[in-house]
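Please read the points below alongside the sequence and the model.

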Amino acid sequence: MSGSRDPAPHLSSVSAWVLAFLVLFVTGCGQSGEEGTFLVGPADSERGELLALSCRVCHTFGAGEEHLLGPNLHGVFGRSPASAPGFEYSAALQEATFVWTPDRLEAWLAQPDDFLPGNNMMFAGFSSTSDRQALIDYLLQVTATGGQP
(Lines give C-alpha, C1' and ligand atoms only; values in the text may rest on other atoms or scores of the structure.)
Protein backbone atom coordinates (compact mmCIF):
# COMPACT_ATOMS: atom_id res chain seq x y z
CA MET A 1 0.00 0.00 0.00
CA SER A 2 1.58 3.28 -1.02
CA GLY A 3 1.98 5.99 1.57
CA SER A 4 1.72 3.65 4.56
CA ARG A 5 4.61 3.13 6.91
CA ASP A 6 5.92 -0.22 7.99
CA PRO A 7 5.63 -0.31 11.81
CA ALA A 8 8.20 -3.13 12.10
CA PRO A 9 11.27 -0.90 12.75
CA HIS A 10 9.49 0.79 15.65
CA LEU A 11 8.27 -2.52 17.07
CA SER A 12 11.74 -3.97 16.75
CA SER A 13 13.21 -1.09 18.74
CA VAL A 14 10.50 -1.31 21.38
CA SER A 15 10.94 -5.07 21.59
CA ALA A 16 14.67 -4.68 22.21
CA TRP A 17 14.05 -2.26 25.08
CA VAL A 18 11.35 -4.49 26.58
CA LEU A 19 13.69 -7.47 26.33
CA ALA A 20 16.50 -5.52 27.99
CA PHE A 21 14.21 -4.44 30.82
CA LEU A 22 12.92 -7.98 31.36
CA VAL A 23 16.42 -9.46 31.36
CA LEU A 24 17.65 -6.90 33.88
CA PHE A 25 14.56 -7.49 36.03
CA VAL A 26 14.87 -11.29 35.90
CA THR A 27 18.63 -11.31 36.50
CA GLY A 28 18.36 -9.06 39.54
CA CYS A 29 20.74 -6.38 38.33
CA GLY A 30 19.78 -4.19 41.28
CA GLN A 31 20.28 -6.81 44.00
CA SER A 32 23.13 -6.41 46.41
CA GLY A 33 25.75 -9.00 45.62
CA GLU A 34 28.21 -10.96 47.65
CA GLU A 35 31.73 -9.67 48.00
CA GLY A 36 34.89 -11.56 47.25
CA THR A 37 37.59 -12.03 44.70
CA PHE A 38 36.81 -13.13 41.18
CA LEU A 39 38.19 -16.41 39.95
CA VAL A 40 37.31 -17.85 36.58
CA GLY A 41 35.95 -21.28 37.25
CA PRO A 42 32.89 -23.42 36.81
CA ALA A 43 29.71 -21.38 36.78
CA ASP A 44 26.13 -21.90 35.80
CA SER A 45 26.34 -21.68 32.01
CA GLU A 46 22.58 -21.32 31.67
CA ARG A 47 22.70 -18.37 34.06
CA GLY A 48 25.56 -16.84 32.06
CA GLU A 49 23.63 -17.25 28.84
CA LEU A 50 20.57 -15.59 30.39
CA LEU A 51 22.66 -12.70 31.71
CA ALA A 52 24.27 -12.30 28.29
CA LEU A 53 20.89 -11.32 26.87
CA SER A 54 21.39 -7.93 28.51
CA CYS A 55 24.71 -7.64 26.61
CA ARG A 56 23.14 -8.75 23.33
CA VAL A 57 20.87 -5.70 23.33
CA CYS A 58 23.95 -3.68 22.32
CA HIS A 59 26.68 -6.21 21.39
CA THR A 60 27.20 -9.13 19.04
CA PHE A 61 29.53 -12.03 19.92
CA GLY A 62 30.30 -13.94 16.72
CA ALA A 63 33.16 -13.55 14.28
CA GLY A 64 32.28 -11.14 11.49
CA GLU A 65 29.01 -9.97 13.02
CA GLU A 66 28.25 -6.27 12.75
CA HIS A 67 28.57 -3.81 15.60
CA LEU A 68 25.35 -2.62 17.22
CA LEU A 69 25.20 0.21 19.76
CA GLY A 70 28.34 -1.36 21.24
CA PRO A 71 31.20 -3.17 19.52
CA ASN A 72 31.26 -6.82 18.53
CA LEU A 73 32.86 -8.72 21.44
CA HIS A 74 34.34 -11.61 19.45
CA GLY A 75 37.93 -12.09 20.59
CA VAL A 76 37.62 -9.42 23.31
CA PHE A 77 39.73 -11.32 25.87
CA GLY A 78 43.40 -10.56 25.34
CA ARG A 79 42.89 -7.45 23.23
CA SER A 80 43.20 -3.78 24.05
CA PRO A 81 40.14 -1.56 24.55
CA ALA A 82 38.89 0.33 21.51
CA SER A 83 40.45 -2.20 19.15
CA ALA A 84 37.48 -3.66 17.23
CA PRO A 85 37.83 -2.27 13.70
CA GLY A 86 35.00 -0.08 12.47
CA PHE A 87 33.54 0.92 15.83
CA GLU A 88 33.63 4.50 17.11
CA TYR A 89 34.75 4.35 20.76
CA SER A 90 34.62 6.99 23.48
CA ALA A 91 37.77 8.98 24.18
CA ALA A 92 38.03 7.21 27.55
CA LEU A 93 38.28 3.79 25.87
CA GLN A 94 40.59 5.08 23.14
CA GLU A 95 43.00 6.33 25.81
CA ALA A 96 42.84 3.19 27.98
CA THR A 97 46.07 1.17 28.12
CA PHE A 98 45.02 -2.16 29.65
CA VAL A 99 44.15 -5.52 28.06
CA TRP A 100 40.76 -7.15 28.54
CA THR A 101 41.05 -10.10 30.93
CA PRO A 102 38.34 -11.82 32.97
CA ASP A 103 39.39 -9.76 36.01
CA ARG A 104 39.25 -6.48 34.06
CA LEU A 105 35.84 -7.34 32.64
CA GLU A 106 34.62 -8.29 36.12
CA ALA A 107 35.58 -4.83 37.41
CA TRP A 108 33.95 -3.20 34.36
CA LEU A 109 30.72 -5.18 34.80
CA ALA A 110 30.56 -4.34 38.51
CA GLN A 111 30.66 -0.56 37.98
CA PRO A 112 31.40 0.60 34.43
CA ASP A 113 31.42 4.32 35.29
CA ASP A 114 33.81 3.84 38.21
CA PHE A 115 36.06 1.45 36.28
CA LEU A 116 36.52 3.84 33.36
CA PRO A 117 35.00 7.29 33.84
CA GLY A 118 33.86 8.86 30.58
CA ASN A 119 32.90 5.64 28.82
CA ASN A 120 29.67 5.69 26.81
CA MET A 121 28.23 2.35 27.93
CA MET A 122 24.70 2.88 29.23
CA PHE A 123 24.75 0.08 31.80
CA ALA A 124 24.65 0.31 35.59
CA GLY A 125 26.52 -2.96 36.14
CA PHE A 126 25.80 -6.28 37.83
CA SER A 127 26.05 -6.09 41.61
CA SER A 128 26.22 -9.87 42.12
CA THR A 129 29.71 -11.40 41.99
CA SER A 130 28.28 -14.81 41.06
CA ASP A 131 26.29 -13.26 38.19
CA ARG A 132 29.41 -11.52 36.88
CA GLN A 133 31.37 -14.78 37.08
CA ALA A 134 28.64 -16.74 35.27
CA LEU A 135 28.47 -14.09 32.55
CA ILE A 136 32.23 -13.91 32.09
CA ASP A 137 32.55 -17.69 31.96
CA TYR A 138 29.89 -17.69 29.24
CA LEU A 139 31.56 -14.84 27.34
CA LEU A 140 34.91 -16.67 27.49
CA GLN A 141 33.24 -19.48 25.53
CA VAL A 142 31.13 -17.57 23.01
CA THR A 143 33.66 -14.86 22.14
CA ALA A 144 36.68 -17.15 21.86
CA THR A 145 38.71 -16.91 18.66
CA GLY A 146 39.58 -20.59 18.54
CA GLY A 147 42.63 -20.36 20.75
CA GLN A 148 42.84 -19.64 24.43
CA PRO A 149 40.57 -16.70 25.19
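1. Basis of the note. This is a predicted model, in which local features need pLDDT of at least 70, side-chain atom pairs count only at pLDDT 80 or more, and totals for chains, interfaces and linings use all residues. Residues are numbered from 1 along each chain as its sequence is written, and side-chain values use heavy atoms, with hydrogens and water left out.

2. Overall make-up. The protein has six helices and zero strands, where helices (H or I, at least four residues) and strands (E, at least two) are DSSP runs numbered from the N terminus. Of its 149 residues, 38% count as buried; buried means under 20% relative accessible area, exposed over 50%, and partly exposed in between, with a 1.4 Å probe and protein chains only. Among contacts (heavy atoms within 4.5 Å) between residues at least 6 apart in sequence, 52% join residues at least 24 apart.

3. Helix α6. This helix covers residues 129–142 and reaches 20 Å from its first C-alpha to its last, close to the 20 Å expected at 1.5 Å a residue; the expected span is 1.5 Å times one less than the number of residues. Because 11 of its 14 residues are buried, α6 is largely enclosed by the rest of the structure. Among the buried residues are T129, D131, R132 and Y138.

4. Helix α4. In α4 (residues 102–110), the buried residues include L105, E106, W108 and L109. They lie on the same side of α4, because they cover an arc of only 165 degrees around the axis, taken from the directions from the helix axis to the C-beta atoms. The cover over the buried residues of α4 includes α3 (91–95), α5 (112–115) and α6.

5. Helices α2 and α6. How do these two helices cross? The axes of α2 (residues 45–56) and α6 come within 8 Å and cross at roughly 85 degrees. That makes α2 roughly perpendicular to α6, a label for angles of 65 to 115 degrees. In this contact, α6 contributes D131, A134, L135 and Y138, while the residues from α2 include L51, A52 and C55.

6. Cysteines. A search of the whole structure finds zero disulfides, a disulfide being a pair of cysteine sulfur atoms within 2.5 Å. The sulfur of C55 is 8.9 Å from the closest cysteine sulfur, in C58, which is too far for a bond. C55 counts as buried, at 12% relative accessibility, whereas C58 is partly exposed, at 25%.

Definitions and conventions: Axes fitted to C-alpha atoms, helices over the stretch in contact; angles between N-to-C directions. Parallel < 35°, antiparallel > 145°, perpendicular 65-115°, else oblique.
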